[in-house]
Each structure stands twice: as structure tokens, then as C-alpha cells.
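Grab a viewer and work through these exercises with me. Each one sets a task, and the solution follows step by step.

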Amino acid sequence: MRWQGQELNAPPVQGDDSRTGCGTASRATPPDTDAPGTAATASALPLPAVPGTTDPLIPLQGLVRSVRTPDFAGVTFHEVLAKSVLNKVGGGSNMPFEWTVNPYRGCSHACVYCFARKTHTYLDMDSGADFDSQLVVKVNAAEVLRRELARPAWQHHHVAMGTNTDPYQRAEGRYKLMPGIIRALADSGTPFSILTKGTLLARDIPLLKEASAQTEIGMGISLALVDPELAKRAEPGTPTPRARLELISRLRDAGLPCSVMAMPILPWLTDGDESLDALFSALAAAGATGVTAGALHLRPGAREWYLEFLARHYPELSGKYARLYGKGTYASKEYRDWLAGRIRFFKAKYGFTGGARFLRPAGETVPGAGRPDAAPAVSQEALF
């Protein structure tokens with residue numbers, strides 16, 4: 001049996017200097033994902049085995065210990081000492097940033113559609129339940145980052161957080177890594193942005209206000225579902241939509257910018273005019289400074305998990321999704337064009353003239369809400 005709050009039987013792995021997410025150099029992590037990196041072996045640390053534990057050894061480089069605690073039922077934390085936390089985005093990426101920091105891998109928000117699920121397979125874990133419950137924590141992230149930012153070669157590029165897994169998931173309440181990371185970035189004059197579903201961000205609003213006086217910062221909240229019942233099913237570990245809307249308002253009241261990533265829009269679940277109107281109306285009322293919205297992507301790893309969710313809760317939609325996505329990642333171009341038109345209409349209706357922008361100067365207000373005459377609705381069922 002496992003003893004709550006104690007270390008599991010997970011001694012450190014003798015790692016090499018390759019930046020892989022698991023114990024063998026042959027399983028290299030792709031360049032646009034963030035790996036814990038390696039560290040000097042932690043064999044000097046006390047790592048007592050728990051009697052009766054049958055957990056497999058997790059081959060994570062830099063592993064210090066694996067822990068369970070009563071406050072996080074069903075979740076195992078794998079604490080690692082990272083060699084590097086600044087992660088260079090691959091050259092083929094179309095993201096508007098070149099560097100990321102991800103203090104955690106895996107995410108207890110458990111969003112069924114999360115595109116990052118496949119990255120857990122680079123750790124020899126699965127992209128479903130393991131992604132939700134086997135969390136890698138870079139316990140020395142702030143100290144390592146401060147050293148990296150102090151290097152003469154650092155060019156103070158924009159650093160994005162929340163691009164792979166959420167830096168303000170519930171684990172942040174236990175490990176409190178983000179304050180040190182924010183201070184390191186601000187003290188070095190490095191511009192940064194944060195994208196999150198986590199209302200734990202509110203804890204750091206005073207710190208973020210201080211940081212905004214030292215460097216440019218961008219804040220983004222991920223919110224595409226405002227139906228609380230659907231949110232419980234599709235993103236069961238996240239704060240409620242209402243709580244995230246209140247967080248947007250708190251950030252705006254503090255003089256900080258706050259864009260919204262309203263992604264993914266779920267075909268036949270949140271893409272109707274009533275759903276889109278409710279979403280953009282709520283975002284405008286909360287004070288969001290910009291919105292980017294788009295259709296669900298079914299990337300490998302996320303695809304299998306999402307389609308299982310669909311078959312369990314909305315079996316009548318399984319055939320429609322099969323026709324809409326085929327065997328690919330993206331919905332058909334016809335559908336994407338149709339959805340883009342509806343999104344443009346509702347953005348204009350509620351005064352959102354641009355997309356979600358990061359590194360927007362703090363204090364910028366939301367543009368006045370323009371309310372054009374209703375555009376003729378196009379029936380989705382007629383198209384798809």
C-alpha cells in the first residue's frame with residue numbers, strides 16, 4: 001500500500017547530460033517541448049523506500065523523490081532537479097515567442113482536449129490518466145532560471161509561460177514556484193507572459209503589478225466554456241468559468257492587461273450562436289482586452305482521450321466528429337471558415353477588434369463595444 005504524504009520507492013536515476021525527458025538518451029524530447037533536463041545525481045539525498053510499495057521506477061532524469069499527499073487525492077508528484085528551465089521553441093513553430101518556461105509537466109486540470117497530452121509519452125507515461133495525475137515538478141525552477149537569465153548571452157527575449165501545461169494548476173498552491181520565477185524574470189528585465197486557467201494567479205497580482213514596473217508583461221486567461229455543467233465534464237480540474245471571469249476583472253482592476261484564449265470551440269457543443277454570444281458577452285463584461293478563438297484541434301494523444309470522452313457523454317456526436325475531422329488533426333476547411341465568420345461577428349458585436357495580444361502595455365482599456373446590426377445567421381446543420 002502507499003502511505004499518504006510519504007515518499008514512494010523512487011530512487012534517483014543516474015542521468016547523462018542530454019536534455020531528454022526520460023532516463024535514456026534515445027528518447028529525445030522534440031525541440032518545441034519542455035523537458036525537466038538533467039541535474040547532478042541526487043543520490044546524496046535521503047530517499048527511503050516505503051515498505052510494501054510496488055510503484056514502478058519512473059525514469060525521470062534529476063528525480064529526487066515521488067510524493068503523494070492527502071490534499072491531492074490520486075495525484076503523484078515527481079520532484080526533479082532541473083538543469084535548465086529556459087526552453088527554446090523549435091524553429092518551425094508559428095508561435096509569437098521564442099522561449100518558454102514550464103515549471104510543471106502534466107496537469108491536474110484534466111482538460112479532455114488538451115493538446116499537450118502527447119508530451120507525457122516522452123516521459124514513458126500515457127497521455128490520458130497519467131497526464132492528469134503523474135505531475136513532474138521542477139522544484140529548483142526559480143534558482144535555475146535566475147542563473148540562466150544572468151548569462152551575458154541572454155538577449156532578454158519574450159518568455160512565455162502556460163504554453164504546455166498550466167503554471168497555476170493546483171500544484172502551484174503546494175510548491176509556490178511562480179513567485180520566484182516572476183521575480184527572476186522581472187529583476188533581469190525580461191518581458192514575459194502568462195496564460196492560465198488557474199485562479200491561483202490572484203495570489204500573485206501584487207507581485208505582477210511590481211513586475212510590470214520593471215518589464216513588459218502580458219496576462220492571458222484560457223476560457224472557452226461558460227456553461228458550468230459542460231465545463232465540469234470537459235475540464236473537471238479547472239476553476240469554474242465564473243471564477244475565471246472574476247479573475248479577468250481582478251486583473252483589469254489592478255491595471256494589468258488581460259487577453260483571453262477562447263480555445264477550443266467544440267463542434268456541436270459550444271459553436272452555436274447562443275453559446276458564442278454568451279461567451280463573448282461574458283468576456284466583454286469581465287473587461288478582457290482581446291480575444292482569440294478557434295476550433296478544437298485533435299492532435300495525437302489528445303485525440304484519443306477526447307473521442308473517448310465524446311463517446312461516453314455525447315455518443316450521438318461521434319459520427320459527426322468522424323466526418324468532420326477524418327483521421328486528421330484539424331476540422332474541415334469548410335467548417336473552420338464557417339466558424340471563423342461567426343467568431344468575427346460576435347467579436348465585433350462586443351467590441352473586440354483584435355485577437356489576444358501579449359506584452360500589451362499595462363492599463364490599456366477595452367475598446368468601446370460596437371454593436372452592428374445582426375448578420376444573417378448561417379445554419380451549421382446546413383453545412384456539416
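W268 sits in the loop between β10 and α8 (273-286); helices (H or I, at least four residues) and strands (E, at least two) are DSSP runs, numbered from the N terminus. A quick word on the ground rules: this is a predicted model, where local features need pLDDT of at least 70, side-chain atom pairs count only at pLDDT 80 or more, and totals for chains, interfaces and linings use all residues. Residues are numbered from 1 along each chain as its sequence is written, and side-chain values use heavy atoms, with hydrogens and water left out.

**Exercise 1. Work out what the backbone does at W268 and whether W268 is buried or exposed.**

Step one: check phi. W268 is not a glycine, yet its phi is positive, about 65°. Most residues other than glycine have a negative phi, and most peptide bonds are trans.

Step two: check accessibility. W268 has a relative accessible area of 15%, so it is buried (under 20%; exposed is over 50%, partly exposed in between, with a 1.4 Å probe and protein chains only).

Step three: look for a second case. D124, also not a glycine, has a positive phi of about 60°. D124 lies in the loop between β5 and α1 (129-133), and at 46% relative accessible area it is partly exposed.

Step four: go back to β10 (residues 259-265), which holds P264. The peptide bond from M263 to P264 is cis, with omega near 5°.

**Exercise 2. Find which aromatic cluster W268 belongs to, then describe the pair Y306 and F309.**

Step one: list the members. W268 clusters with Y306, F309, Y314, Y321 and Y325. Rings of Phe, Tyr and Trp (its six-membered ring) pair if their centres lie within 6.5 Å; planes under 30 degrees apart are stacked, over 60 edge-to-face, the rest tilted. The structure holds 11 such pairs.

Step two: take F72 and F77. Their pair is edge-to-face, 5.1 Å centre to centre with 80° between the planes. F72 is buried at 9% relative accessibility, and F77 is buried at 0%.

Step three: now Y306 and F309. This pair is tilted, with 5.6 Å between centres and 45° between planes. Y306 and F309 sit three residues apart in helix α9 (residues 302-313), so about one helical turn separates them. Both are buried.

**Exercise 3. Work out how strand β6 (residues 134-138) is covered and which way β2 and β5 run beside it.**

Step one: count. Five of the five residues of β6 are buried.

Strand β2 (residues 76-80) pairs with β6 in the parallel sense over five bridges; pairing takes at least two DSSP bridges. F77 from Exercise 2 stands opposite L135. Strand β5 (residues 104-105) runs antiparallel to β6, joined by two bridges, and R105 stands opposite V136.
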